[in-house]
Amino acid sequence: MMKEHAKLMKVISSAGEIIGRKKLQKMIYIAKKIDLPFYEKYNFHFYGPYSEELTLRIEELCNLGFLNEVHEKKGGYFQYRYSLTDTGTEFLGHYDLDLPPFEGCMIHLNEQSSRFLELVSTVLYFDGLEQEEVKEKVFTLKSKQRYTEEEILDAYKYIENIRGLVAEELAKH
């Protein structure tokens, strides 16, 4: 079992259950962008940053019986729920992962809506640009989401808060 697979299992274990493929994608991307050790490659996609590599790893973990993926029909779409299986929990208990503590970060990310995480990850995707340019990108690329300037400012505040949370967890470690 590769270390990257085990890290994903640890994320899901920390969060308890993650509802939504998009949410899982954004949680890992945000963690990566705030310097937690995730190395999946991301490209900009319809819903913001997306990793085919992450999708394949999650599929492999489901096929191995380490992750439980439940499909639920919600109105006109399917929703996916991810949790660790007993086999996954047992495996993770035997796997020595030398990781910075990120449980609090994952719980915090998991408490946010997918829509908000999509905005946060989009802001982080364009983090090399000035804030005004990022706003333009969000308003253009995410026009259907109808994000407001206030929501974009909230995303910037959230990024600082989550970085602070990770720094606190590292200081305690």
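Biologist: Buried means under 20% relative accessible area, exposed means over 50%, and partly exposed is in between, with a 1.4 Å probe and protein chains only. With that settled, is Leu54 buried or exposed?

Modeller: Leu54 is buried, at a relative accessible area of 1%. Before going on: this is a predicted model, where local features need pLDDT of at least 70, side-chain atom pairs count only at pLDDT 80 or more, and totals for chains, interfaces and linings use all residues. Residues are numbered from 1 along each chain as its sequence is written, and side-chain values use heavy atoms, with hydrogens and water left out.

Biologist: Fine. Where is Leu54 found?

Modeller: In helix α3, residues 52-63. Helices (H or I, at least four residues) and strands (E, at least two) are DSSP runs numbered from the N terminus.

Biologist: And what is Leu54 in contact with, leaving aside neighbours within four places in sequence?

Modeller: Leu8, Leu24, Gln25, Ile28, Glu40 and Tyr42. Contact here is heavy atoms within 4.5 Å. As for Val134, 80 residues from Leu54 along the chain, the two C-alpha atoms are separated by 25 Å.

Biologist: Change of topic. How many salt bridges does a search of the whole structure find?

Modeller: The search gives 14. The criterion is a side-chain nitrogen of Lys or Arg within 4 Å of a carboxyl oxygen of Asp or Glu.

Biologist: Which residue does Glu132 form a salt bridge with?

Modeller: Lys135, with the closest N and O atoms 3.0 Å apart. Lys135 counts as buried, at 9% relative accessibility.

Biologist: What about Glu4 and Lys7, buried or exposed?

Modeller: Both are buried. Their side chains meet in a salt bridge at 3.1 Å, N to O. They too sit about one helical turn apart, because they are three residues apart in helix α1 (residues 3-15).

Biologist: Which side chain meets Lys33 in a salt bridge?

Modeller: That of Asp127, at 3.3 Å, N to O. This pair links distant parts of the chain, 94 residues apart: Lys33 is in helix α2 (residues 21-33), while Asp127 is in the loop between α6 (114-125) and α7 (131-141). Lys33 is partly exposed at 22%, and Asp127 is partly exposed at 44%.

Biologist: Which residues are linked in a network of salt bridges?

Modeller: Glu17, Glu72 and Arg81.

Biologist: On to packing. At what angle do the axes of α1 and α4 cross?

Modeller: Roughly 115 degrees, with the axes of α1 and α4 (residues 86-94) coming within 10 Å. Axes are lines fitted to C-alpha atoms, for helices over the stretch in contact, and angles run from 0 to 180 degrees between N-to-C directions.

Biologist: Which residues in α1 and α4 meet?

Modeller: Ala6, Met9, Lys10 and Ser13 in α1 meet Gly88, Phe91 and Leu92 in α4. The residues of this contact divide into four nonpolar, two polar and one charged. Ala, Val, Leu, Ile, Met, Phe, Trp, Tyr, Cys and Pro count as nonpolar, Asp, Glu, Lys and Arg as charged, and the others, Gly among them, as polar.

Biologist: Last one, the sheet. In what order do the three strands stand?

Modeller: β1-β5-β4, an open sheet with antiparallel pairing. β1 (18-19) and β4 (67-74) stand at the edges with a single partner strand each, so one side of each is left without a neighbour in the sheet. Two strands pair if DSSP finds at least two bridges between them, and β1 is joined to β5 (residues 77-84) by two bridges. Ile18 stands opposite Tyr82 in β5.
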